[in-house]
Amino acid sequence: MIYLLYLLVAAGVVLFSVKASDYVDLLDKKTSLSGAFIGGIMLSAVTSLPELFTSISSTVLIHQPGLCLGNILGSDLFNMAMLSFFLLIFARTFREGKLSDSHRMVTVFVFVCYLVMILNWLGILRIQILSISLSSVIIVVMYILSIRYMSAEDSDDSDEEDTSPLTVPQIAVRFVLVSIGIVVLSIAITYITDAISLRLHLGQGMAGALFLGIATSLPEASSTVALLRMKNVDIAFGNIVGSNIFNFIIMAVVDILYRGSVYDFSDPHTVILMLCGTAALPLLWIMMKFRNRATQIICPLGILACYLAFLMG
């Protein structure tokens, strides 16, 4: 019964998140904002709401920081693996589509965040500043730099026609209501995941990465498929890369709210997950930098191999 409940709540998270993405898309058509900003900041924030509230719930409410760390790292690696899988399918769309340079810079900032995680795990960055980890401070700086690069991208000046009868205030109200639904279901799925991890005797890192990480990444998966089918490569990549850096800022927020260390590497699966994510990021950068047939096959397969390595670890 609990597994059916998990599937139902996860389906609800996807449904609400996809609707939220639709409303963001409508706002996009009514403004002149760039694709990098829309995908990397607005859409990624919407689709990362589940990670935000499940991470807060798993630490502040049920005091399981391992679930939070597994959720964040699991979501990031799953996002990259999912994007790689779909790029193998939409190969021609990826080669011919527009891709903002800022996505590569943001990928570098995400890589720095992974290095911060590794240094924290090794005990080098376990430094507190007014009860806040130095790791969190560095992550905040990386996110601010990411916003700067994504916001600086020029607008596409798309001529796509807006056929929606909704006004901006009406869209905003619907967006808020859908976001509330995401919050409620995200909190619920945290409790369900904790119960499943106890029943299956899973570690917090594995449970967070599998059940929380995948469930809260389903919105990114749904929106990525839709965007690639519309041949909007720029926003599709912005959504994934932006979600990955946004997930790390969630770690900083939870670190401020939680009375204790949120950087819990006691579960060996969490460490494997972190190392696999670190290995996958350079492949993602190379895939964006050199968009040819060779890298388009080798890099996605390499990223998928990193995810499989975590599952088998």
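## A buried aromatic pair

Phenylalanine 237 is buried, with a relative accessible area of 0%. This value, like the others in this report, is computed from a predicted model. Phenylalanine 94 is likewise buried, and its relative accessible area is 0%. Both residues fall under the 20% limit that defines a buried residue.

The structure holds 7 aromatic pairs. Phenylalanine 94 and phenylalanine 237 form one of them, with ring centres 5.2 Å apart and an angle of 20° between the planes. The pair counts as stacked because planes under 30 degrees apart are classed in that way.

## A tilted pair and its cluster

Tyrosine 307 and phenylalanine 310 form another aromatic pair, which is tilted, at 6.2 Å centre to centre and 50° between the planes. The two residues lie in helix H13 (residues 293–312), 3 residues apart, or about one turn of the helix.

Tyrosine 307 is buried, with a relative accessible area of 10%, and phenylalanine 310 also counts as buried, at 1% relative accessibility. Together with Phe78, Tyr307 and Phe310 make up one aromatic cluster.

## The packing of H3 and H11

Two packed helices are described by the angle between their axes and the distance between the axes. For helix H3 (residues 49–61) and helix H11 (residues 233–257), the axes come within 10 Å and cross at roughly 30°. H3 is therefore roughly parallel to H11, since angles under 35 degrees are classed as such. The crossing of the two helices is right-handed.

On the H3 side, the contact involves Glu51, Leu52, Ser55, Ile56, Thr59 and Val60; on the H11 side, it involves Asn247, Ile250, Val254 and Leu257. The residues of this contact comprise 6 nonpolar, 3 polar and 1 charged.

## Asparagine 244 in H11

Helix H11 also contains asparagine 244. Is this residue buried or exposed? Asparagine 244 counts as buried, because its relative accessibility is 2%.

Leaving aside residues up to four places away in sequence, asparagine 244 touches Ser75, Asp76, Asn79, Met80 and Val110. The C-alpha atoms of asparagine 244 and leucine 77 are separated by 8.6 Å, although these residues are 167 residues apart along the chain.

Technical notes:
Residues are numbered from 1 along each chain as its sequence is written. This is a predicted model: local features need pLDDT of at least 70, side-chain atom pairs count only at pLDDT 80 or more; totals for chains, interfaces and linings use all residues. Side-chain values use heavy atoms; hydrogens and water are left out. Axes are lines fitted to C-alpha atoms, for helices over the stretch in contact, and angles run from 0 to 180 degrees between N-to-C directions. Helices (H or I, at least four residues) and strands (E, at least two) are DSSP runs, numbered from the N terminus. Angles under 35 degrees count as roughly parallel, over 145 as roughly antiparallel, 65 to 115 as roughly perpendicular and the rest as oblique. A crossing is left-handed if the near helix is turned anticlockwise from the far one by less than a right angle, and right-handed if clockwise. Contact means heavy atoms within 4.5 Å. Ala, Val, Leu, Ile, Met, Phe, Trp, Tyr, Cys and Pro count as nonpolar, Asp, Glu, Lys and Arg as charged, and the others, Gly among them, as polar. Rings of Phe, Tyr and Trp (its six-membered ring) pair if their centres lie within 6.5 Å; planes under 30 degrees apart count as stacked, over 60 as edge-to-face and the rest as tilted. Buried means under 20% relative accessible area, exposed over 50%, partly exposed in between (1.4 Å probe, protein chains only).
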